[in-house]
Amino acid sequence: MPLLAFSLMLVVFGLTTGEFVIAGILPDVARDLSVSIPAAGLLVSAYAVGMIAGGPVITTLTARLPRRPLIVGLIVTSIAGNAASALAPTYLVLLAGRFVAGLVVATFFAVAVATAVSTAPPGRQASTVARLTFGMNLGMIAGTPLGTFVGQNLGWRATFAAIAVFTAIALTLVLRSVPDRPAPDIGSLLGELRVFTSRDVVLAIALTAAGNLGVVTVFTYMAPLATDVSGFPGAALPVLLLVYGAGAVAGNFLGGWLADRALMPSLAGLLAVLAGALAVGWPASGHQVSAAVLWFVLGVLAFAVIPGMQTRVVATAQAAPTLAVAVNASGFQLAAAFAGWLGGRLIDGPGPRSMYPVAAVLTVSGLLIALYSLRRDRRRPAVTPSPRQPAARQ
């Protein structure tokens, strides 16, 4: 169903743009609403908190709904949140709008990712996730810089209004393409929740949160890092976001290819390289050329880890993959929420440049989780399914 895939990719594009565009218009929002940069950074935290709360709760409450009305309802809620953000008269109303916009994102991604992985050929799960998340890449490489350009020239409110309108257009295609199917056959709520008693599932979710915390902190405050530390003019931010997005596209497919061949070894290696790149950010960020190269490299590495992390969650939570992926998305947003707060404290304290070494140390914590999980996998004896024993449900 080409139209279905295309329409859902457009929705992912809109959701991703709505999430990340705040990095490019942060100073404009702060100036217009008369709040500090750290306070404006909390808008990222508000969106993230919405995803953290909405991921497990909404996914659980809607588990028995048919897919068509569920997907439509999730998209309509996102449109409402972005429209409210565009019309927000005060900082607090804008915070609420970002929270509402984030509420439904984890469930939307969870339904899409779990379905894609369950239908993927053996050994192609991570590549399938990479293709699915191409809409995220487009949001980074095109939507975020375009939204930043719109915000800088027409005002930040126009950015959120454009996202709401675009997502509404994508919704019309979704209504034409999503089949009307009955609710999926799932077990009891207690059975679904029991998946989180698995140490491997908990480790996989912790890996997502810890492994992304450092680079998300740096990306959230790209605007002050680029202008105050690297000396770029504000007009260069859309270009830098484009550079970061180009790296994200390359990293997404590279990460899927690597994860299909060696899931946990590739994740550990990528996190090690990411930690090194963030550490290099301290000296590299002082020069515009090296800073631009650094943003491309960070885009590659930040998105290279995503397909493997998503695949790891689904592989360890076969009894309830949709719920686990939703909680995993919440884990990522827990990192984003903390990143918004942490970056603000660093700006107020030792200064924005200090984010690079702090982010490197935080990424090492994710690396340690990956290495521990890899060690557990290698210690676990291989089990060959008996002919009388069916394989676990995907």
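**Legends for close-up views of a predicted model**

**View 1. The whole protein.** The protein has 17 helices and zero strands; helices (H or I, at least four residues) and strands (E, at least two) are DSSP runs, numbered from the N terminus. This is a predicted model, in which local features need pLDDT of at least 70 and side-chain atom pairs count only at pLDDT 80 or more, while totals for chains, interfaces and linings use all residues. Residues are numbered from 1 along each chain as its sequence is written, and side-chain values use heavy atoms, with hydrogens and water left out. Of the 394 residues, 57% are buried (under 20% relative accessible area, with a 1.4 Å probe and protein chains only).

**View 2. Glu19 and its surroundings.** Glu19 is found in helix 1 (residues 2–20). With a relative accessible area of 14%, Glu19 counts as buried. Neighbours within four places in sequence aside, Glu19 is in contact with Tyr47, Arg98, Phe332 and Gln333; contact means heavy atoms within 4.5 Å. Glu19 and Thr144 are 125 residues apart in sequence, and their C-alpha atoms are 8.8 Å apart in space.

**View 3. The buried side of helix 5.** The buried residues in helix 5 are Tyr91, Leu94, Leu95, Gly97, Arg98, Ala101 and Gly102. They lie on the same side of helix 5 because they cover an arc of only 160° around the axis, taken from the directions from the helix axis to the C-beta atoms. An α-helix has 3.6 residues a turn, so residues three or four places apart point the same way.

Methods: Buried < 20%, exposed > 50% of the residue type's maximum accessible area, 1.4 Å probe, protein only.
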